[in-house]
Amino acid sequence: MWKSNRAVLSIFLLSWAAMVGQVGDSIPDTQVAPQQMVVEADVTQKDTVNSFKKIKLDGIAAVVGDYVILESDIEKTLIDLKSQGAATEDITQCGLLGKLMEDRLYAHQAVQDSILVSDDEVNATGERQLQSLVQQIGSMEKVLRYYKKPDETSFREELYKINKLRMLSEKMQQEIVSKVEVTPEEVRQFFNRISEDERPVFGAELEIAQIVKQPKPTDAEIQAVIDKLNKIKADVEDNDSSFSVKAILYSQGPTKSKGGLIEAITKQSGYVKEFKDVAFSLQEGEVSDPFKTMFGYHIMYIEKIRGQERDVRHILIQPEISKKALENARIELDSIRQQIMDGKYTFAQAALNFSDEEETKFDGGVLRNPINFDSRFELTKMDPTLYNQVRNLKDDEISRPILEQDQRGGGPSYKILQVTDRYDEHVADFSKDYLKIQQLAKTEKQYKAIKKWMDKHIKDTYISVNETRRDCEFANNWMKE
């Protein structure tokens, strides 16, 4: 039951836009206590719990700590999940109510434990969501009409409440599981507890290695890019030209269509060091000098500073790579391929000696799955481009040089690929699938930690469930029976 609730949680958190419609004007202020809600409903009894049982308050399904859940929240959640194409056949109203109660218990206890989110964090998230909606729908007026909101202020207030609850809930959950680790012995015991006929089946997988040659631009080509960026910078500063328009016209990076915009950068964000160093060295409204990263040459404009966050715009331009340099890279890689086939080097030795890709050359050229950093790629989940490049390779075969444009903006390169190992679809094997089994064991231990936390804090928190919902079979003991 808990696992089904967790599935609902994943959908619920991912579909934040639907939550706006789902919660609408029904979310009370997070500091409104249940007793106050009773007074507003003209209930005069002093015993809040008994009065909740005796009098059906309009629309209240449950109360958890300082949070009230309305019947309409459940109905709208289910409608919104359906509208987004989620499979709802196995999702019941009782299950949704249980999930909504979980979220509010996490948020309530986060406040009690002083696990807080700043107003800047919450507002920045709402701002990004609003900008995304305006981009998708066309204008703020259309967004307000779509979500049936009277004005932008009330819409922002609702977003604030929704995001604050969600972020508090997430932080509390992270706090619960952050210190959960599993030892090799615990992994072994977990695996041995699974009967042979119930062990998971893992799909067919490949291990892939590559050698990359990245042709370099000449000094003259680099200087031409720097001169162009300096000219754009001068036009923005001296002639009040729009940086975002310049980015749309000239940038070669993936944010080109958004006017070079990257929102909410922090010092912990996953951008390269050089990029973050510039972002945190400038003042709001300032334009940087040209600077270099692994992706090319940039200039950056600081659009907004909010505490430890920066909204920036940047223009990325890569120096031209001549056809001759690109052809020389292909020829060199073809020669390396032949030397491997002749036995002069192993593929791993050639990767270490000749590959231009720092991330893989010291690991024999082995690619890492971006999902779990394992060396295996499950065929049904592989990137389609990579799959098409290796699907016809036989054992020990090396591909011909493949021309590739780095999607991150790193310029054209050539690569050769080899399938270094194959794993057919198979029942889990402890030695071969240790990393996957370890993750399953850790997930089980995290679940137990959350269950233990839930049991403790349900006892210690004010909780009331409407009589009409008391027949629900909840995963947690919300009725404290």
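Predicted model: local features only at pLDDT ≥ 70, side-chain atom pairs only at ≥ 80, totals over all residues.
Student: How do strand 6 and strand 7 pair, and over how many bridges?

Tutor: Strand 6 pairs with strand 7, which covers residues 296-306, in the antiparallel sense over 3 bridges.

Student: And what is the strand order in the open sheet of 4 strands?

Tutor: The order is 5-8-7-6, with antiparallel pairing. Strand 5 (261-265) and strand 6 (291-293) are the edge strands, and each has a single partner strand, so one side of each is left without a neighbour in the sheet. From one strand to the next, the twist averages 45°.

Student: Which strands does helix 11 lie across?

Tutor: Helix 11, made of residues 219-239, lies across strand 7 and strand 8 (309-317), and it runs at about 30° to strand 7. Helix 12 (residues 243-250) packs on the sheet too, where it touches strand 7 and strand 8, with its direction making about 40° with that of strand 8.

Student: Switching topic: how many residues are in the largest nonpolar core?

Tutor: That core has 37 residues, and those with the most contacts inside it are Leu97, Met101, Met454 and Trp478. Among the elements that give two or more residues to this core are strand 1 (60-64), helix 9 (152-177) and helix 18 (434-460), while helix 6 gives the most, with 8 residues.

Student: What does methionine 101 touch?

Tutor: Not counting residues up to four places away in sequence, methionine 101 touches Ala62, Val64, Ile69, Ile463, Val465 and Trp478. Apart from this core lies another one, of 15 residues, among them Ile211, Ile321, Ala351 and Ile398.

Student: Which residue stands opposite isoleucine 211 in strand 11?

Tutor: Isoleucine 211 stands opposite isoleucine 416 there, and strand 4 (residues 205-213) and strand 11 pair in the antiparallel sense over 9 bridges.

Student: Is strand 11 mostly covered or mostly uncovered?

Tutor: Strand 11, which spans residues 411-423, is mostly covered, with 10 of its 13 residues buried.

Student: Last one, on lysine 436: is it buried or exposed?

Tutor: Lysine 436, whose place is in helix 18, counts as buried because its relative accessible area is 15%, and buried means under 20%.

Student: Which residues is lysine 436 in contact with?

Tutor: Leaving aside neighbours within four places in sequence, lysine 436 is in contact with Phe202, Glu205, Asp374 and Arg376.

Methods: Residues numbered from 1 in each chain as written. Heavy atoms only, no water. Core = buried A, V, L, I, M, F, W, Y, C linked by side-chain atoms within 4.5 Å. Buried < 20%, exposed > 50% of the residue type's maximum accessible area, 1.4 Å probe, protein only. Contact = heavy atoms within 4.5 Å. Pairing = 2+ DSSP bridges. Axes fitted to C-alpha atoms, helices over the stretch in contact; angles between N-to-C directions.
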